[in-house]
Amino acid sequence: MKIRSVIRATGSYLPERIMTNADLENVVDTSDEWIRQRSGIKERRIAGENEKTSDLAVNAARAALDRAGMKASEIDGIIVATTTPDQTFPSVAVSVQKTLDIPVCTAFDVQAVCSGFVYALSIADNFIKAGQLKRILVIGAEKMSAILNWEDRTTCVLFGDGAGALILEAQTGEGTSGIISSHLYADGRLKDLLYTDGGPGTTGQSGHIVMHGREVFKHAVNLMAQVVEEALETNGLTAADVEWLVPHQANIRIIEATAKKLKLPMDKVIVTVERHGNTSAASIPLAFDEAVRDGRIKPGQTVLFEAMGGGLTWAASLVRI
Ligand code: ACO
């Protein structure tokens, strides 16, 4: 019997501390006007010093489990998309497993930077469709503030911290809900456009984000529009068949340009970048959870996730809720 991977519930978590653009004016030579005009960001959340990526992930996962009315013992897989793990190893996924008291299961992290959540969702979908796992916690969690150079105004104003989660569950029988298709890409020739200037195997430190913003911007619009078109064409759909686009939240100008290319009106696009900044792998599940909870995204609707990030990596996933 054909197995579908259905989204059972979502959850998210944002750290308490809000850092506004005005706050950043005291950190680097910048202005609220510049940040808003170039990125659409007004504020972002910053994790506490002792708050780790796994803490953010646990809170998001707990919210998803609560909303599903599911016990931690029912989970048989944990996949965390993150670029900012607590430690080089073990994975954030096993910390989530330990804190939530999830019994022995499959658990690992995925590293595809801002595309990480869509990669993780696709991996989880394949595990389920292969009949290997039944209920997987798929989490995007980031403490981007830990890898920012707080003296570099070209990057430190753009990012924020947070986590989003969903539970993907195997279902059989009648119904059309579930992950329809995912499309994952990377082009390592573009890896020097966006990277950290360190790592465990080189400097022994995580390093800080370095970004060639203007070039990344150009690639972002083209690659995301391409991969979304591929997702639609593969399934014989057009943008008119999609109720919601949930894009990676890097920059409002990228989101608007991509929507325009796809001829999607902005009232079909979920936008959180003004309040969250770029939370990398956490941005899509954070935006998705918000729109599910406030009732904009409803059962039966078709939703597109799309992302682009360091690597460069880019990805899209078409889902029926
Ligand atoms: N405040 C004030 N001025 C600034 C700031 C700042 N925070 N940052 C840069 N400037 C200045 C620059 O120095 C430059 O000055 P100059 O003309 O005197 O040299 C000027 O503003 C313009 O800089 P640009 O970099 O050309 O500005 P641009 O319009 O390209 O906007 C931005 C920059 C927001 C970074 C944009 O290029 C962008 O969004 N790029 C894509 C980022 C992205 O999508 N990343 C996604 C993946 S992230 C990941 O995977 C981890």
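Helix 7 hands the most residues to the shell around the ligand, four of them. Helices here are DSSP runs of H or I with at least four residues, strands are runs of E with at least two, and both are numbered from the N terminus. The structure is a predicted model, in which local features need pLDDT of at least 70 and side-chain atom pairs count only at pLDDT 80 or more, while totals for chains, interfaces and linings use all residues. Residues are numbered from 1 along each chain as its sequence is written, and side-chain values use heavy atoms, with hydrogens and water left out.

Confidence comes next. pLDDT is the predictor's confidence in each residue, from 0 to 100. Its mean over the protein is 97, and 100% of the residues reach 70 or more. Helix 8 (residues 252-261) has the lowest confidence, with a mean of 93, and strand 4 (residues 77-81) the highest, at 99.

Back to the ligand. Around it sit 25 residues, with T30, R38, C114, R214 and N251 coming nearest; a residue is near if one of its heavy atoms lies within 4 Å. By class, the shell splits into 13 nonpolar, seven polar and five charged residues. In that scheme Ala, Val, Leu, Ile, Met, Phe, Trp, Tyr, Cys and Pro are nonpolar, Asp, Glu, Lys and Arg are charged, and the others, Gly among them, are polar. Domain 1 (3-172) and domain 2 (178-320) each supply at least three residues to the shell, with the bounds taken from an automatic or database domain assignment.

R153 instead brings a polar backbone atom, 2.8 Å from a nitrogen atom of the ligand. For N251, a polar side-chain atom lies 2.5 Å from a ligand oxygen atom. The protein covers 77% of the 1,000 Å² of accessible area that the ligand has on its own, as given by the Shrake-Rupley method with a 1.4 Å probe. Elements giving two or more residues to the shell are helix 2 (32-39), helix 6 (153-156), helix 7 (213-234), helix 8 and strand 12 (302-309).

Most residues other than glycine have a negative phi, and most peptide bonds are trans. The F89 to P90 peptide bond is cis, with omega near 0 degrees, and P90 falls in the loop between strand 4 and helix 4 (92-100). G311 to L312 is also a cis bond, with omega near -20 degrees; L312 lies in the loop between strand 12 and strand 13 (313-320). V113, not a glycine, has a positive phi of about 50 degrees and sits in the loop between strand 5 (106-110) and helix 5 (116-129). S280, not a glycine either, has a positive phi of about 50 degrees, in the loop between helix 9 (273-276) and helix 10 (283-293).

Is S280 buried or exposed? S280 counts as buried because its relative accessibility is 1%, where buried means under 20% relative accessible area, exposed over 50%, and partly exposed in between (1.4 Å probe, protein chains only). A163, in strand 7 (residues 161-171), is buried too, at 0%. E16, in the loop between strand 1 (4-13) and strand 2 (17-20), is exposed, with a relative accessible area of 74%.

Note on methods:
Polar contact = N/O pair within 3.5 Å; in protein donor to acceptor, adjacent residues only side chain to side chain.
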